[in-house]
Amino acid sequence: MLDVLNAVLVVVMILNLFALGTSRINSVIRIVAVEGALLGPVPLLLHGAGDISGASVLAAAVAVVLKGLVIPAIMRRSLRAADIKREVEPFVGFLPSVLLGAVGTGIALVFSARMGSGGGSTANLIIPAAIATILVGFIILTTRWKALSQVIGYLMLENGIFIFGMLLVEAIPFVVEMGVLLDLFVGIFVISIITNHINEAFSSMDTRKLASLKEE
Amino acid sequence: MSSIGFVLVAIIISAASGLPVALSGGASRRGQAISALMLVAAGVVGLVGVLPVFASAATSSLALPWGLPSGAFAVGLDALSGIFLVPIFIIPALGAVYGLGYWHPADRPEDGRRLGLSYGLLVAGMALVAIARDGLLFLVAWELMALASWFAATAEAGKSEVRRAGWVYLVATHVGTLVLFAMFALWKATAGSFALERNLAIQPEAAGAIFVLALIGFGLKAGLVPLHVWLPGAHANAPSHVSAVMSGVMIKLGIYGILRMTSLMPTPDQWWGWTLFALGGVSALAGIAWATGQGDIKRVLAYSSVENMGIIAMGAGLALVGKSLGRPSLILLGMGGALFHVWNHSLFKSLLFLDAGLVIHETGTRRLERMGGLAKRLPLAAALFGLGAAALSALPPLNGFAGEWMLYLGFFRGVTAGPGRGLPVAALGAALLATVGALAVAAFVRLFGAVFLGAARSAPNDDHEAPNVSLATPDNGLAAHGKGKAGGSARLAMLAPMVALGLACIVLGFAPGLVLPAIGDAAGTWANLREGGRNLVGLADFSWSLPLGLALVGVVTLLLLYFSFAARGARKPGRGTWDCGFAAPTSRMQYGASSFGEFLGRNLSFVRVTRRKSRRPRGAFPAPGFYSSKTPDPVLDLSIRPLAAFAGRSIARMRILHQGQTQIYLIYVLLATVILLIAGVAPS
């Protein structure tokens, strides 16, 4: 079981770097969707085989459907509606950002080795994978101008937090899990709508234009 | 139904009393009348519940589950609550009747709706504060009271002056609430629960900390110097009947809070009492000194409220000292004087605020320099104002004197050795009280003279007599539509509550013995003493009050008769022969409020700052001259405002971090996260 979990986490970390190096927005959306869908059933791995309840299966299924299908669909829709260039338009180039992400992942590994296993975790890759994913999410958030890339950044950030949550998988009740998913869904939904409005108001999805709203 | 049941019903009626106004759109006279009727009914029901508490020493309480994870809906009624509930049920009801004449709903429906709703909620909140027996419930009621009073005080939010004063009040009241949060948290930590029940197991250090927090949190509401900063502005800018309720009733609940908390804790250290005593002394002296310099009729009254709260705090301080020394006579006289003064002040200060509202209604201004000569137009209002001012200045035979008399007795008794050493400092209290009384007379002679005596300095909406005064924009919007002339029924609605308050001042002055047992019981409840009422009657002998009062009235009547008889023969010149060389004297050449304030200001310069600006006419063809003086509030205007302005300028430099770029804000978040992570790992 633990080997499977570690394997999944390694795949997630590679997907992170892949997302940093891809230039087509559609591909990035797909990468994040795969990442979310991979992570969805992971809590089931952490439960002992005996005590998988109906509720946790339902939570995993909802997570997979939401992150793997619904959210990517919403984002692709808004991409079509906005009718923008399908390029990512990074502020930092693709290769440098991949290198930055790799350095971040390395630091996360070193860091978590120093931090110890943290609350008796079962898999020792959970913490570094979580920190690395959060860092990569931040890199996407801070180095891409397009509003949709920002949404992707937030999604990746959430994936990182989700991995952290596995440390507490016994403690998190079903209601909280569903609440988090609902939050995420609504958040993405709203951002996608806002994206269209930004596009209409500024005839572009460049978030730099938003700075003109700042009060002087 | 039990006593507490009546009080709860009264609270519910009060809270709902704003609905007729709000549902009728705020513009209907009938809605306003139904609302006033509901408040009067609530007052009657409430008093039916409260008054039996004084007759029997029994207390009445009730606890209901309320579904929150902490605290309980626990309410209770004892004599101490009762003392504060009586004004809560009387003054707002009278104020609502007064409002029928004062506030014309059709003119400002939006403001009217806001005022109607918040006024009823204010009454409900105040009553709930007085009966709450649980820390959380107390905080909820306290906040309800604070917010409702804020909405009521800023009912005329269209004016920038009102909004500015409201802002100061909102900040001050929330600072106070924050301190109370800390106080109740500490109470929970030391006493084990939020229940406000007597707990003698609290350690002295913790009790001292709770006392200091209570002093700050409740002192902000009570308006003790230097925590009074919000009080003058809020009182001056509120509609007059709201000022009457705030000054007459609401700020007393600050004192109530201090008294309630001190009554729950074990025997206090002596410094508690002296601290409260010193704060009270400073408030009394500074409050009345600042009052003498104000040019706004309601600000004078507001500063005088600071003074009166100071007097009450001095009495409570004496009682606390008495409690720590175990001297029941000091407890009963000090607390009895303080509680009696709570009632007295709520009567005469409400009377004065309502009267000031009538004056403002008639003249269209709050500025003393534009008033004058109103005694001829409003003889009854002038007489009532004089009565209230005399009572406030503690002149016999009115109620203010009776209350302060008990404090004097307490201070004198404190000086003489009881069980233990004498307290020479208490003599200072008596001296201070006398000084403050004299200054109060001066302040109110100035106020009365400027408003009611002499000739009108400017007529409303008619400025031919005062060419230099522009009356095009009246200070108070009321005049803009009231045109300064209230109709007969409106005048009656305003005068009737004032007459009732004036009569109460006279009755309590002539026969303080009527209420002494009730007040003594409350003082006894506070200190956990038996037979407080009977003992207080023994300590404070008021048998002289009726004969002395009648004798004083007789002497004054004789003097008046003599002077009017002597004046009958004399011929009064219309204008003086010489007119001091002025060819065309105008009414603005009279001594005005500033002139009197100037004389007082020179003698009070140790506590009062006065800013003067003037230009004398010089030469053969002088340019127009002017003179103006202003008495800023030393705490608000000279300390807090400059500090706040400095902070505002410094914080503006932080805007360099504020670039408006989402990505940059996210980098801040990342940096903060990384720093926290490193800080978390570093020790290991």
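## Working through chain B

The buried residues of α1(B) are covered by elements including α3 (29-55), β1 (60-64), β2 (73-77), α4 (79-102) and α5 (109-131) of chain B. This is a predicted model, where local features need pLDDT of at least 70, side-chain atom pairs count only at pLDDT 80 or more, and totals for chains, interfaces and linings use all residues. Residues are numbered from 1 along each chain as its sequence is written, while chains are lettered from A and ligands numbered from 1 in the order in which they are written.

**Exercise 1.** Find how many residues of α1(B) are buried.

*Solution.* Start with the term: a residue is buried if 20 or more other C-beta atoms, placed from the backbone, lie within 10 Å of its own. Helices are DSSP runs of H or I with at least four residues, and strands are runs of E with at least two, numbered from the N terminus. Next, locate α1 of chain B at residues 3-16. Then count: 10 of its 14 residues are buried, among them B:Phe6, B:Leu8 and B:Ile13.

**Exercise 2.** Compare the span of α1(B) with the expected one.

*Solution.* The expected span is 1.5 Å times one less than the number of residues. From first C-alpha to last, α1(B) reaches 20 Å, close to the 20 Å expected.

**Exercise 3.** Describe chain B as a whole.

*Solution.* First, list its elements: 26 helices and 4 strands. Second, take the box filled by its C-alpha atoms, roughly 95 × 75 × 55 Å along the principal axes. Finally, look at burial: 52% of the 684 residues in chain B are buried.

Terms used
A residue is buried if 20 or more other C-beta atoms lie within 10 Å of its own, exposed if 12 or fewer, and partly exposed in between; C-beta atoms are placed from the backbone. Two residues are in contact if their C-beta atoms, placed from the backbone, lie within 7 Å.
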